[in-house]
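My entries follow in the order in which I checked things.

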Amino acid sequence: MKTDARHQQFTLRPGGEIRGKITVPGDKSISHRAVMLASIAQGTSYIRNWLAAGDTEATLGAMRDLGARIERQDASTLTIEGGPLRPSPNPLNLKNAGTGIRLLAGIMVGQPFASTLDGSEQLRRRPMRRIIDPLTRMGADIRAANGCCPLTIRPAALTGAHYDMPIASGQVKSALLLAGLYADTPTTVTQPSPARDHTERMLRAMGVRIDQEDEAGNCLTLYPGGRLEPLDITVPGDPSSAAFPLVAALLVPGSDLTITGVDLNPTRTGMLDALAEMGADFAISNRLTQAGEPVGDIQVKSSALRGVDIGGETVVRMIDEFPILMVAATQAEGETIVRDARELRVKETDRIAVMAAELRKLGAVIEEREDGFRIVGPQRLSGGQVDGHDDHRIAMSLTIAGLVAAEGAIVTDAACAADSFPGFAETLAGCGALLLPE
Ligand code: S3P
């Protein structure tokens, strides 16, 4: 399955101060979960500030193919009439969305009909054994060539299992919990460290019993049966999207930016912790709870950063932020070392290798390591042409690098930014960045 050819490039110039007050689009992880869970709930769900972006639209399309009744008041406001799913006439196309395919697989293994889950060429290269193996242990019938999609799923009776996840992954944990809804006995999942917990929060709010043995939620047991209540939520701003304007403001002198309504779930705030350690000047205000998630406004000012050493539990709490952290590290005084981040190699791209190669084109010196990298700064980025590799977070990180490169930069294959952050270029340009989309 192919995604549409998407050609766009951004031209960046240094010097434009980043100022003002912005919002970022709704959280991608929560938006995927909301559209899936509302579709299988009993009753009408109302979802506001839903992320209308490439990845989540793919999930919404798949749920419609499965018979979900989804009405849109506007792009981000959804009313979903939940109920039983029905067979899709065609293979479900999750495009580039790893979260979409892995979580939906957890739901599809519990359905009384067969389905095929597929996606873009890029998605077809990503590992699916991490969900296939534990779901199969629960009794699921999944076929896949070489552990990759397309996944062919046939109806099978599921029994709850106890699964010790070898890696901390929000997607794997969620796939198992969702399959657990359809099992005849409870499902227990343990994780080596706390991966994002949006699925647990949402399922509990919908009336599902999930017990946890420890405060961190590293050992969870989901009890099947009972009604799945509908949702009525406003999705908070995505902290992973906020990271791009935030780092831009830190790096461009004279900046002072406020990003309002950002999700501050502790399983997602590793980047803020790392930046605080690097000496970033930011403050959080207006804390509240929204959609069962802690939320707040972040005000950030340009700062002289210093290097940081990151490994262990922090890694999973900022797994999507390493491409932009690499950019920040080139501008920080001293050594930044990242360890235990091997997972970066199996994201939309091998994010360690791709970021190192692209930043080198701008003049950066990056030491690539098997499970991370080492960067000694501050470095002068000269300028040049770099490529987004159809990976949204790579394209957006390189855009921010272009804003601090002495001669500016051109980022080709940049349209993929819209997989998670529609309006990325306009948002940045709107607060002063010298960015020209073409
Ligand atoms: C996600 C989990 C993470 C993250 C991805 C979204 C989720 O992936 O990188 O962008 O929504 O559960 P892994 O579970 O593979 O770590």
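**Backbone, then ligand**

I found K95 in the loop between β6 (92-93) and α3 (98-108), where helices (H or I, at least four residues) and strands (E, at least two) are DSSP runs numbered from the N terminus. K95 has a positive phi of about 50 degrees although it is not a glycine. I noted beside this that most residues other than glycine have a negative phi, and most peptide bonds are trans.

This is a predicted model, in which local features need pLDDT of at least 70 and side-chain atom pairs pLDDT 80 or more, while totals for chains, interfaces and linings use all residues. Residues are numbered from 1 along each chain as its sequence is written, and side-chain values use heavy atoms, with hydrogens and water left out.

I then looked up the cis peptide bonds: one runs from C149 to P150, with omega near 10 degrees, and P150 is in strand β9 (residues 148-154). Another joins G377 and P378, with omega about 0 degrees, and P378 lies in the loop between β21 (372-377) and β22 (384-387).

For polar contacts (N or O pairs within 3.5 Å), I recorded ligand oxygen atoms at 2.7 Å from a side-chain N or O atom of S29, at 3.1 Å from a polar backbone atom of G170, and at 2.9 Å from a backbone N or O atom of Q171.

Notes: A polar contact is a pair of N or O atoms within 3.5 Å; within protein, one must be able to donate a hydrogen and the other to accept it, and residues adjacent in sequence count only if both atoms are side-chain atoms.
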